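The sequence and structure are shown first.

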Amino acid sequence: MFVCTEPDHANEGGRNRPQARAGGDQSGDDRAVTDTATSPVAASPVAALLVAIDALVAVDPDAVGDDDLAGAMVTLRRAQARLAAVTVGLTAAFDARRGFAGDGSRSAADWIATRTRHPRSEVAAEVRLGRRLRVMPGTTAAWGAGEIGPAHARRLSYLAAGPRTAAAFPEGEALLVRHARTLRFDDFERTCAHWRDAADPDGPEQRRGRDDDLRRVDLSAGLDGIGMLDGYLTATARAVVGGALERIERELFAADWADARARHGDAATVALLSRTGAQRRHDALVEMALRATTAPRDGRRPRPLLTVMVGYETFAGRVCELAGGTVVAPGTVAELLGDDATLIERVVFDGPNRIADVSPARSFRGVLRRVLEVRDRRCGHPTCHVPAHLCQGDHVVAWSHGGLTTQENGQLRCGPHNRWRYSHPDAAPAPGADRGAPRANAPAEQRQRRPVAGGGDGASRGSRADNAVTPVLAPAAERPRGVASDPGGAGGCTR
């Protein structure tokens, strides 16, 4: 059995020594470690740690059972996070005491990088993080306990050191650390972005102006006439261009897969496709240009769709982001609202007009499908990141077993996880699969509420007159994820 435990620093008499490898006497390296354990420095935490690591190194991964191996994936990473926290703390002390100056080194980063042969940029980042942690007691405590990792600490340090957010960080640290403990990292980053915008209301518009000034696309000629494509797209432009490119690339993938199945039958795999993913994206970009040049001048242009969340009494100010989760400035929403072609969708949480609750259809379509997309945002499997628009509507209680097509009985699953669920009927349900239980990927407010698309007139999408925009106000501290669709079918915003 593979068990990860913290070393007992009080052990004496060599009880922390690693066991000899099976099948022979100890090697010279093993004897060296054992001898170290009997030396006067064996009582130090660092020496005990080295002994424990030697014991872990001696473990044969092939001899570890599946359950123990799965447990080690979590336990070891938490221990690794705690060790990283200790390392950064000691590095900060070394830097503050100027322990590097004795041999003429100019900085702690120079001294450490030279002796450990680590990249100087990596060590300098540790030194910088250690300095910031001096004013981040909540982050330091959570990291030292293994509840968060180095990436969380770095993300929080940006807010603690930001010239426009540093003043608000001491008050907001407890909230942010609580989210870091419980949310998936991508959701945590989104929460940090919303908190940043609440702490610095003018920041989003300044960043929007910067991105607008920096927008560019360069297509330069290389050797033999090849093209070198480079650019800087705004958030909404990336959503529009990326969304169109993704749709065409999926069409090309379907064609490649059909060709592979025709040539290889059931033995077809992705490795047998005629094009790589990068090559398909290249061809999709060319196809997108061809379709643009052949489209009629008076052809119908895609209409941006805004999703408006109504009924979040605990929301604060603006929660603006694209469907992919990119946080954008309120001015971006204002521009879309100023376009008469923009469609506005209202989503009411626990409102009185539950007009989209039940459908006689076998599959989730129309308003019910949209409800699942707004609520779930991605595949319902707790380890999956496939976005909602690529997922399939699935019944919690199967249709064949009498399950109804309702939002309470609906969930989104990507194709593989939808098939996995029905091929593993005895497996424990994923967190949040039961509509009566909180979803693992939903904010606390959504765990208590059920969204219903549409307004009193029964329309979920319509003109500006059909669906009025209802601004939602709430405290700046609580900032769950907003929901949005895509402008032009590929991006959008929530207010």
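A contact here means heavy atoms within 4.5 Å. The model is predicted, and the contacts below are those computed from its coordinates.

Ser-105 is located in the loop that joins α3 (66-96) to α4 (108-116). Apart from neighbours within four places in sequence, Ser-105 is in contact with Phe-100 and Trp-111. Its relative accessibility is 17%, so Ser-105 counts as buried, the cut-off being under 20%. Ser-157, by contrast in setting, belongs to helix α7. With residues up to four places away in sequence not counted, Ser-157 touches Leu-129, Arg-132 and Met-136. Ser-157 is also buried, because its relative accessibility is 1%.

## Confidence of the prediction

The mean pLDDT of the chain is 75, and 65% of the residues reach at least 70. Among the elements, helix α6 (residues 137-144) has the highest mean pLDDT, 96, whereas helix α16 (residues 444-447) has the lowest, 38.

Residues 1-42 have pLDDT under 50 throughout, and the model gives this stretch 39 contacts beyond four places in sequence. A further stretch, residues 351-356, also has pLDDT below 50, with 14 contacts beyond near neighbours in sequence. Where pLDDT is low, predicted coordinates should not be read in detail.

## Overall organisation

The chain contains 16 helices and 9 strands. Of its 495 residues, 38% are buried. Among contacts with a separation of 6 or more, 69% join residues 24 or more positions apart.

The accessible surface of the chain is about 27,600 Å², and carbon and sulfur atoms contribute 56% of that area.

## Helix α9 and its packing

Helix α9 comprises 15 residues, 185-199. From its first C-alpha to its last the helix reaches 21 Å, close to the 21 Å expected at 1.5 Å a residue.

The buried residues of α9 are Asp-187, Phe-188, Arg-190, Thr-191, Cys-192, Ala-193, His-194, Trp-195 and Asp-197. These buried residues pack against α7 (150-161), α8 (169-182) and α10 (203-214).

## A nonpolar surface patch

Val-217, Leu-219, Leu-229, Leu-233, Val-240, Val-241 and Leu-285 form a nonpolar surface patch of about 610 Å².

Leu-219 is found in strand β1. Its relative accessible area is 66%, and Leu-219 is therefore exposed, given that exposed means over 50%.

## Residues with positive phi

Most residues other than glycine have a negative phi. Two exceptions are described here.

Asp-224, which is not a glycine, has a positive phi of about 60 degrees. The residue is in the loop between β1 and β2 (227-232). Is Asp-224 buried or exposed? Asp-224 is exposed, because its relative accessible area is 82%.

Arg-377, likewise a residue other than glycine, has a positive phi near 70 degrees. Arg-377 occupies the loop between α14 (366-376) and β6 (392-395). Its relative accessibility is 11%, so Arg-377 counts as buried, whereas Asp-224 is exposed.

Methods:
Residues are numbered from 1 along each chain as its sequence is written. This is a predicted model: local features need pLDDT of at least 70, side-chain atom pairs count only at pLDDT 80 or more; totals for chains, interfaces and linings use all residues. Side-chain values use heavy atoms; hydrogens and water are left out. pLDDT is the predictor's confidence in each residue, from 0 to 100. Helices (H or I, at least four residues) and strands (E, at least two) are DSSP runs, numbered from the N terminus. The expected span of a helix is 1.5 Å times one less than its number of residues. Buried means under 20% relative accessible area, exposed over 50%, partly exposed in between (1.4 Å probe, protein chains only). Accessible areas come from the Shrake-Rupley method with a 1.4 Å probe; for residues, only the protein chains shown count as cover. Patches are made of residues with over 30% relative accessible area and no salt bridge: like charges are joined within 9 Å, nonpolar side chains (Val, Leu, Ile, Met, Phe, Trp, Tyr) within 5 Å. A salt bridge is a side-chain nitrogen of Lys or Arg within 4 Å of a carboxyl oxygen of Asp or Glu.
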